[in-house]
Amino acid sequence: MTSPTGTTRRGLPMRLVVPVFAIALGIFAFVKGFDSPPKPAAAPVVPASATRAGDIAVYGAYVREPASPQTAAAYLVITNVGSKTDTLSSVSSGASATAMLHDVNTSGSTTAAPSNAEQAEGAETMTATPNVPIKPGQTITLKPGAGHIMLEGLIGPIVPGQTVNLLLNFNRAGGVVVVAPVIAIGATPPKY
């Protein structure tokens, strides 16, 4: 209530109430970040050479020359550049009787590589990964020690210089054919 002298009950002059209120509101808005809208997350950057289907980009694919005539491992990178989760539900290749995802960590971190003791004993540490959900903006990297595509029952020899076609089936993006070069044992994987 305003007194006849122009002050509120607590003694603040009426002419200062509005400016003080405006300053307090400005400080509150500044602290809470109301002064600018939130910035959208930056879209993931993928190489121009990536194979794309829908919101999925696949790149950096290669197959390591197999040490065994029966099995080989393929590695690649998958990025979801869209706004909805997609799921890699299966893989196949004409180079092998079966193809299966193994040891894929979908959290975005790397899967621990087998210990030296396990490798020395030849322990089988691979676990099948039935499907791989990929969240918007997420990148899944299959690399030694962090997941791979196991090609089992090779149809013929796989040697450096050849390429292997891989078909990746996603629930939303559909089928993505990736051509993976075969590199020698111990060779540096392709850069992307």
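Which residues line the second largest pocket? I shall come to that after a word on the model.

The model is predicted, so local features need pLDDT of at least 70 and side-chain atom pairs count only at pLDDT 80 or more, while totals for chains, interfaces and linings use all residues. Residues are numbered from 1 along each chain as its sequence is written, and side-chain values use heavy atoms, with hydrogens and water left out.

The lining of that pocket consists of Ser49, Thr51, Val58, Tyr59, Gly60, Ala61, Val178, Val179, Pro181, Pro190, Lys191 and Tyr192. A pocket here is an open set of points on a 1 Å grid over the protein atoms alone, where a 1.4 Å probe fits, with protein on both sides within 12 Å along at least five of seven lines; lining residues have an atom within 4 Å of a point. The space in this pocket is about 160 Å³, taken as the volume filled by probe spheres set on the points. Strands S2 (56–64) and S10 (174–183) each supply at least two lining residues, and S2 gives the most, with 4. By class, the lining holds 8 nonpolar, 3 polar and 1 charged residues; Gly counts as polar, and Tyr and Pro as nonpolar.

Turning to the chain, there are 2 helices and 10 strands, assigned as DSSP runs (helices H or I, at least four residues; strands E, at least two). From the N terminus, the order is α-β-β-β-β-β-α-β-β-β-β-β. Of the 192 residues, 30% are buried, that is, under 20% relative accessible area with a 1.4 Å probe, protein chains only.

The largest nonpolar core has 31 residues, and Val63, Leu76, Ile78, Ile149, Leu151, Leu166 and Leu168 touch the most other members. Such a core is a set of buried Ala, Val, Leu, Ile, Met, Phe, Trp, Tyr and Cys residues joined through side-chain atoms within 4.5 Å. A second, separate core of 5 residues includes Val46, Ala50, Ala57 and Val77. Beyond its neighbours within four places in sequence, Leu168 is in contact (heavy atoms within 4.5 Å) with residues including Leu76, Ile78, Leu88 and Val178.

Finally, Ser96. A polar atom of its side chain lies 2.8 Å from the backbone oxygen of threonine 98. Outside four places in sequence, serine 96 contacts Leu151, Glu152, Gly153, Leu154 and Ile155.

Note on methods: A polar contact is a pair of N or O atoms within 3.5 Å; within protein, one must be able to donate a hydrogen and the other to accept it, and residues adjacent in sequence count only if both atoms are side-chain atoms. Buried means under 20% relative accessible area, exposed over 50%, partly exposed in between (1.4 Å probe, protein chains only).
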